[in-house]
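Student: I would like to understand how the words used for a protein structure follow from its numbers. Could we go through one together, term by term?

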Amino acid sequence: MLAYTKRSLRTMVAQTPILLAAVDVRSAKANRNVKFYSMKFSKREAFAQSYRRPNNDVQKTMLPRRSYTEKNNELLERLDRILLTEDRFDRSSQFLQFYEELEGSDPKWIQVWRDLILNRIHSRKTGDSKELWNLLIQHSTSSQYIQHQKLWNQIIFTLYFSAHTLEFHNKAETPTLLRALSKLQGSTYVMKVTGGAVNGLVKLGALHEACHLVKHSLQAMKDRDRCHFEASVTGCLISKLMLKKMHIEGYNFLKFLYSVDNCTWTLFLPQPQMFHALFSSAKLVYKSPDIDESFKRSIPKWYIQQFLKTIPFLESLRWSDSGTPLSARNMISLFGAAIQCSVATSNFQLALVCFDQACQWKNHKLVPDENMYVNILSACMGLSDRDLFREYYRQMVFTNFARAAGFGTAVEYCRKSQNLEFLQEVLDDMMAFERSAQPSALSNGRWTLPLQIYNSALLCCANVRAYEVGRQLFDDMTMEGNLVPDSYTIQSLVANYRDLSLSDLFQHLRSVLKENIPLSKHVYTSMLDLCAQRQLVSEAVVIQEAMKSQEVRPDLKTYTALIFIYAIHGEIDRIIDTYRLILSDGLKLDHVLFWDMLDATLRVHGIDVCFALFHEFRKQNFEIPEEMYDAMIQVGLNAKVIERTLDLAYNMECEGIPLNLEKLYALGDACSSPKEAEHWIQVFLLLHQGAPVQNKRSYPKKMYNMAHQLASRFSLENFIPKLSLLASESI
């Protein structure tokens with residue numbers, strides 16, 4: 001193994017250029033931990049021996065890098081002596097000789113120049129940078145055009161990437177350098193050079209520096225010939241900013257591009273991929289809770305407006321520099337993304353404008369797809385424009401683009417607007433679509449449209465009290481046996497039989513239901529809701545017994561309907577028995593259960609029965625949950641029983657359940673007598689003692705203001721010193 005390593009080292013030395021031939025291998029071994037500049041990371045690094053691996057590439061070994069760095073140090077000292085020459089003519093002639101020698105002797109002279117400039121940045125030698133740039137610009141024109149462009153590309157990239165890694169860069173000198181280079185070579189040349197540097201910075205993740213370079217380049221070219229970056233340069237940079245979730249930075253950068261006089265939107269033609277990235281970013285900005293509200297509205301609106309301005313020039317856009325022009329399919333995707341962004345960010349009027357522009361693009365109409373129609377229908381719903389909604393809906397049906405999403409949006413619109421006439425039109429269109437559509441082999445006996453749409457339509461009929469329409473719809477669904485209803489369908493059907501008695505409803509359900517569709521808990525819950533609306537206790541008990549006989553396990557919604565019925569009739573024993581069943585089934589309690597129970601009790605029997613029910617829960621050794629305390633405090637507020645409710649709230653805090661401060665503030669606001677105000681202040685002071693709760697709570701300033709207001713309003717001056725002391729301690 002050792003012999004193999006020695007042979008490898010000898011081979012590497014033999015392949016090394018003549019400049020390095022005099023270096024001994026043993027010297028390299030002795031200096032294995034030598035420090036050198038690594039251009040990959042732009043900072044000094046030292047490699048330990050454990051990380052050194054044999055490499056046949058001579059440029060990646062320790063030996064040539066050490067000699068290469070030593071040569072750079074010599075060249076750097078010589079360059080510093082040239083720049084310190086006082087005589088201008090001698091300085092220029094010496095620099096020209098230095099430049100020609102370097103270009104002629106070293107095949108990688110461009111990389112040497114990059115290393116020299118990087119060494120100067122590390123050494124903070126920037127006082128004579130302006131003179132160095134002038135000399136380079138003056139004497140580098142002797143190079144070939146391609147080599148000259150590569151040289152300045154590397155120099156500009158090094159300047160800005162060092163700012164990213166070392167956080168050191170004199171930004172004031174860069175526009176001067178670019179302006180001088182533009183004066184000699186032209187603005188187009190400078191844009192090509194800086195464009196390559198921008199792409200390199202983006203690839204390495206130096207996005208802020210890439211934005212600065214673009215801004216400096218455009219500012220340097222200001223008031224000169226009209227020029228602009230290639231669309232791929234700025235488009236890639238903006239897309240990368242959006243990918244890194246730098247939404248505000250991308251917005252400010254793009255706004256700068258459109259504001260520069262010599263880079264107007266007529267010249268700066270962004271690529272379609274950039275618009276897709278902007279629309280996606282706008283939707284994320286609109287949903288983000290960390291972004292200011294003003295940006296949430298302005299950013300999406302501005303993006304869409306710039307897209308609309310660029311529409312007349314879309315004919316010249318291409319997916320790539322050498323690609324084909326955009327097709328109608330590409331444009332449909334682009335317009336669809338703009339409309340979806342408009343709807344998602346509540347810019348409904350802009351969505352209509354984008355839709356109209358899509359239909360008139362390139363002097364011939366694009367055919368919108370279903371997604372565009374669904375989004376435009378959502379925009380009409382946002383604008384509450386019924387006539388426009390009907391117009392676009394009928395256009396969608398006429399062009400045969402109406403499918404599940406389109407019909408579902410129309411049914412939802414009918415439910416919100418309570419429009420029975422238009423609902424009948426939508427149902428007729430759905431039936432016509434089902435008759436014209438071919439049965440699918442994968443439909444498993446169902447129709448083409450999903451069952452959920454029909455369930456929504458049945459519920460919509462029940463909500464608008466169009467019971468006959470809902471029953472006819474169900475008959476059409478099951479007439480030929482094509483559509484197999486589920487439990488939600490039956491639940492919706494029950495809602496359309498609210499005008500029948502429960503016995504007639506049972507008989508009708510048994511006549512329409514098949515053996516493979518048993519009465520589920522959803523159906524039973526719907527019938528219990530009917531009992532609640534009609535305040536039928538005996539029928540509710542029968543339904544509960546039927547569920548037991550059918551072995552249907554109720555859920556929390558079913559139990560809530562039962563407790564609501566019992567609460568209306570004040571049957572506390574049955575409420576307790578039902579609540580015990582909920583606990584035995586292990587169901588998770590929610591606020592709706594206790595609110596329906598206590599609110600129904602309050603409206604029918606009064607607040608005293610509510611407190612009696614609460615004390616019965618405690619008597620049965622039930623653990624009082626936070627949801628029941630909140631519901632009791634709310635019904636106490638509604639009944640304006642402040643003192644008893646305050647005692648209940650304090651008891652809640654004593655049991656370790658945090659009191660809702662908004663409800664405590666509402667109780668103070670509802671105080672209408674000195675006795676109630678005094679009771680509120682006493683409870684508020686007790687909460688500060690720390691006895692009920694081990695962890696001391698902090699109270700907002702408005703709570704102390706409320707206490708001061710009550711003390712001043714009802715002449716309770718003896719509490720003011722104590723309240724002032726507590727307020728000062730809390731602050």
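Student: Among contacts in the chain between residues at least 6 apart in sequence, what percentage join residues at least 24 apart?

Tutor: The figure is 68%, where contact means heavy atoms within 4.5 Å. Please keep in mind that this is a predicted model, in which local features need pLDDT of at least 70 and side-chain atom pairs count only at pLDDT 80 or more, while totals for chains, interfaces and linings use all residues. Residues are numbered from 1 along each chain as its sequence is written, and side-chain values use heavy atoms, with hydrogens and water left out.

Student: What makes Ile376 buried or exposed?

Tutor: Ile376, which is placed in helix H17, has a relative accessible area of 0%. Buried means under 20%, exposed over 50% and partly exposed in between, with a 1.4 Å probe and protein chains only, so Ile376 is buried. Across the chain, buried residues make up 48% of the 731 residues.

Student: Which residues touch Ile376, leaving aside its neighbours within four places in sequence?

Tutor: Ile376 is then in contact with Ile339, Ala351, Leu352, Phe355 and Tyr392. The C-alpha atoms of Ile376 and Phe355 are separated by 7.5 Å, although the two residues are 21 apart along the chain.

Student: What is the span of helix H16, and how does it compare with the expected one?

Tutor: Helix H16, residues 348-359, has 12 residues and reaches 17 Å from its first C-alpha to its last, which is close to the expected 16 Å; the expected span is 1.5 Å times one less than the number of residues. Among the buried residues of H16 are Ala351, Leu352 and Phe355, and its buried residues pack against helices H14, H15, H17 and H18.

Student: How is Ser346 classed, and where does it lie?

Tutor: Ser346 lies in the loop between H15 and H16, and because its relative accessibility is 26%, it counts as partly exposed. Ser346 also has a positive phi of about 65° although it is not a glycine.

Student: Why is H30 described as roughly parallel to H32?

Tutor: Helix H30 (residues 607-619) and helix H32 (residues 642-654) pack at an angle of about 25°, with axes 12 Å apart. Axes are lines fitted to C-alpha atoms, for helices over the stretch in contact, and angles run from 0 to 180 degrees between N-to-C directions. Angles under 35 degrees count as roughly parallel, over 145 as roughly antiparallel, 65 to 115 as roughly perpendicular and the rest as oblique, so H30 is roughly parallel to H32.

Student: How do you know the relation of H35 to H36?

Tutor: The axes of helix H35 (residues 701-713) and helix H36 (residues 720-730) come within 10 Å and cross at roughly 170°, so H35 is roughly antiparallel to H36.

How values were computed
Helix = DSSP H or I, 4+ residues; strand = E, 2+ residues; numbered from the N terminus.
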